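Subject: The two-chain model, handed over

Hi,

Here is the structure I promised to send you. Have a look at it first, then read on for what turned up.

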Amino acid sequence: MRPLFKFHGGVHPPTHKVESTRTPIARAALPSKLVIPLHQHVGNRAVPTVQVGERVLKGQIIGRPEGRLSSAVHASTSGTVSAIDMQVVAHFSGLPDLCVTLIPDGKDEWFPHSGVDYKQTAHSELRQRLRDAGIVGLGGAVFPSDMKSYSHKHKIKTLVLNGAECEPYITCDDLLMRERARDILRGAEVLRELLYAEEVLIGIEDNKPEAIAAMRQAVLDDGHGHMEVIAVPTLYPGGGAKQLIRVLTGIEVAAGVRSTEMGVQCFNVATAYCAWRAITFGEPLLARIVTVTGNVERAQNFEVLLGTPVEELVAQAGAKPDTYKHIMGGPMMGVDLPSASVGVTKATNCIIEAAQSAFPPPEPAMPCIRCARCADVCPAELQPQDLYWFAKSKDFGKTQEFSLFDCIECGACAYVCPSHIPLVQYYRFAKSEIWQREKEQQAAELARERHDFRQQRIEREKQEKAERLAQKERAALAAKPPAPAPLPVAAPAADLDNTLQMRVDADIARSNMQMRIDAAAARAKEQATAEQPKNTDALTPQQQAEIAEIEARRAKFHEIASHSGADDESPKHS
Amino acid sequence: MWSSPFITTPTSVSQIMLRVLIALIPGIALYVWYFGAAILVSLALASITALVTEAVMLKLRNRPIKPFLSDNSALITAWLLALSIPALAPWWLVVVGTAFGIVVAKHLYGGLGNNLFNPAMIGYAVLIISFPGHMTHWISPQELASTGLSFAEQLNYIFNGVLPAASALDAYTMATPLDTLKTQLHLGLSVEAIRDMPIFGYLGGKGGEIVAIGFAIGGIYLLLTRVINWVIPSVYLGTLFAIAAIFHLADPTHYVAPLFHLFSGAAILGAFFIYTDPIGSPTTRKGQIIYAAGAALLTFLIRAFGGFPDGVAFAALLMNICVPLIDAYTTPAVFGKKGARK
Ligand code: SF4
Ligand code: SF4
């Protein structure tokens, strides 16, 4: 037996998984319309490539990836584009985003597509195919998979395949592993190839014996020599990428560090499955498995076309009338959907129909009694009560000193807090405030730099008339920032693939891109500032949306602060 | 619309505090059995005072009254204080102590969760400093009192200060075993000779040791229901035992056996109910160990060398002061960064 490792803390919320595992995955009915957001992944929003009124075929690209960190979006079935506009999307900010609305024609007519034999295909082409097929992390983190399947910088020893599925209620990976284990493993084999990984460790929580058996059988059947299926203890958030890597390999990937630097990469089982379909059959990501559970007659898993309105999906499971909210994801990290009309996205692993009885509104918060129950369960080994204290008193410097950005927002602390303090909300608030301040600071720096630069230029113009033209060009180049990569705040991280890690990845990708663009113009200068792209002056709609979102969250925070009036104000640590 | 997590454990502050109150009941029952019902009067007086002052302070501070009054924390302060002072004391003594604890130590510091000191221990400290005379009249265990006071006579004393004709308070009360030990040692008696006096039982003082066992039973209930964790009680009692053992082995004529320390005074009550108060104790495991060990050391030093009969309350207050410092120095390294931080 392989020795397993432990991570600190963790909780055992009631799992509620049995309800939705009694029947096999069902194919959801073709909906009346599909509302497909163009931004379902971490990175830049895809750019629409179709017109209103245009007929599209199933699998046809309707949004092409923009920039390096982005992913393609496809028509989930054949039909007519009826609108390309801002719509409410499955995101907790409740803010609209650009969506393509498609009216299906019922023919389900495929766009011509074909696959390749991965063994005969160059890795660069395989990655390109993943990108064009819109393959992103399906555990909920939706990070573009092509960007995660490089290994040229670091030697990767272990590919961790995440089938832990630690969040209560969610069973989509469980069912997928039970029913489609062989394709999952074949996909894992492709990813292993891309990473040149030596071994594949497949971690599944031990409350899924059927899935473990099916996966083990598939390993034997197809003779996957490098693979091992490992039952890990059921403990939330054991399915977080960092926690699972820790349990399986003993390696702790600190916040801000990429697991590849430590020789490990992690993919979700559903991602591996879709990667296999994309490479071998040329099938883009058009549908995903969604658990529909909670306050419904027949909780079960559906294979759902992306863009299917949530209300049409839950109706097929027999939604009951007293549902008062729709949660996307699990009860620990999910998102309270702003509306039931939003379309299912690549991040939608589960819809919980919530009734008051199972999900009563939060109780009024009491003051922190320093009982340290939160610290006992925190998998990141933080001191949540201190973070809360500093976030509440808006001492953001201190929150960072106490490793706020190591918080994976798993919610374990708030789950156990006897004072019912919405701890995670405070952490999100503090994070967004800090990001906002950084942005403002960057804007100020940019203004100052520009001023200096202009002075310099005037000076030089006097002296070197001959070079004036070239210098103007340089100024123009330096003043035109590259398209910014959005913060992954937008990713509803239902799976625990660390949002921060994605942010770092995004940052790195963004820096790389910027360096390339700027290299010709002002290499030395740009290298010094490559880590901080100066882009605050040219706000894209995406950024504006983000700022609006942060504003919305601030407003929400103030609301919480005033509602949790039971809470107290006078400082203790001062 | 609220954000994740959407579920929480059913544990609440008031439920935790209620369990603490429940856990005090076995000790209180044994107290009544051995020393009479006067303690119930003290408990009632303290409770009423605590609730009234709590309500008034909440009102003055513009806080919602209902959630805080029902959080049971004021009752814990009241009960701990009542159990720490003599049951046969004038009514105003317990009222003043409780009110001081709630008003000054709790609310003037910012209310529940923000108080640096344990309010009950502050109340106790104020009383023992201001009214030392009243704080030494402990009722004798019933089997020792030549003529016990009836409950009605006890009430009459508490509220009117009147004793049955021609008797003095000293006829019904005595110094605590810890106090007796200290005074007799000063008089030059050996520990052995003192221990033979009738007020001592097998482990500690007669009666007192039984009450301590009652508190220990309650403490185990708190451990089992996970209201408290094992660190503070076990480190506290273990350290107290170890220090007392070292002194006892070195000089048995001047230092009592370690078990006597554990079962006398408020050591057991402190281990399970006072030092475990989350608000005044460190949040880190390492910090809790330091805190409990420090409290045990102080308890012993005050008992053996200090001017007060028992050291539990002062040790608590002194350690309360150190908590922010202890927490700051024992913050554990975060996930993935072991070795990176101090
Ligand atoms: S939400 Fe953050 S602070 Fe709370 S338990 Fe999870 S990682 Fe720790
Ligand atoms: S935040 Fe909640 S769980 Fe953490 S110490 Fe405070 S009261 Fe306890």
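Helices (H or I, at least four residues) and strands (E, at least two) are themselves DSSP runs, numbered from the N terminus. With that in hand, take β4(A) and β7(A): two bridges join them, and the pairing is antiparallel. Within that pair, Arg55(A) sits opposite Thr80(A) of β7(A).

A bit of housekeeping. This is a predicted model, so local features need pLDDT of at least 70 and side-chain atom pairs count only at pLDDT 80 or more, while totals for chains, interfaces and linings use all residues. Residues are numbered from 1 along each chain as its sequence is written, chains are lettered from A and ligands numbered from 1 in the order in which they are written, and side-chain values use heavy atoms, with hydrogens and water left out.

Sheets in chain A

The β4/β7 pair belongs to an open sheet of four strands, and its order is β2-β8-β7-β4 (chain A), with antiparallel pairing. At its edges are β2 (34-37) and β4 (55-56) of chain A, each pairing on one side only. Strands β7 (residues 79-88) and β8 (residues 96-104) of chain A are antiparallel and joined by nine bridges. Two places to look along them: Val81(A) faces Leu102(A) in β8(A), and Gln87(A) has Asp97(A) of β8(A) as its bridge partner. If you're wondering what holds such neighbours together, strands of a sheet pair through backbone hydrogen bonds, either parallel or antiparallel.

There is also an open sheet of three strands, antiparallel again, in the order β3-β5-β6 (chain A). Its edge strands are β3 (47-48) and β6 (73-74) of chain A, which each pair on one side only. Strand β5 (residues 61-64) of chain A is linked to β6(A) by two antiparallel bridges, and there Gly63(A) stands opposite Val73(A) of β6(A).

Domains in chain A

Domain bounds come from an automatic or database domain assignment. For chain A that gives domain 1 (18-355) and domain 2 (365-462). The contact between them (heavy atoms within 4.5 Å) takes seven residues from domain 1 of chain A and ten residues from domain 2 of chain A. Their C-alpha centres are 30 Å apart.

How much area is buried between these two domains of chain A? It is about 700 Å², and carbon and sulfur atoms give 65% of that. (Buried area is the accessible area, with a 1.4 Å probe, that two parts lose on being put together, summed over both.) On the side of domain 1 of chain A, Ala255(A), Met332(A) and Met333(A) supply 51% of the area buried against domain 2 of chain A, more than any other three residues.

Domains in chain B

Chain B splits into domain 1 (11-174) and domain 2 (176-327), with C-alpha centres 20 Å apart. Here 34 residues of domain 1 of chain B touch 31 residues of domain 2 of chain B. About 2,800 Å² is buried between them, 81% of it on carbon and sulfur atoms. The count of salt bridges between these two domains of chain B is zero; a salt bridge is a side-chain nitrogen of Lys or Arg within 4 Å of a carboxyl oxygen of Asp or Glu. On the domain 1 side of this contact, α1(B) gives the largest share, 13 residues.

Where the chains meet

Chain A puts 61 residues in contact with 47 residues of chain B. Together the chains bury about 4,400 Å², 56% of it on carbon and sulfur atoms. Which residues form a salt bridge at 3.0 Å, N to O? They are Asp327(B) and Arg370(A), and the interface of chain A and chain B holds three salt bridges by this rule.

Over all chains, the count comes to 31 salt bridges. One of them joins Lys157(A) and Glu199(A), whose closest N and O atoms are 3.5 Å apart. These two are 42 residues apart in the chain: Lys157(A) is in the loop between α1 (123-132) and β9 (158-162) of chain A, and Glu199(A) is in strand β10 (residues 199-205) of chain A.

Happy exploring!

How values were computed. Two strands pair if DSSP finds at least two bridges between them.
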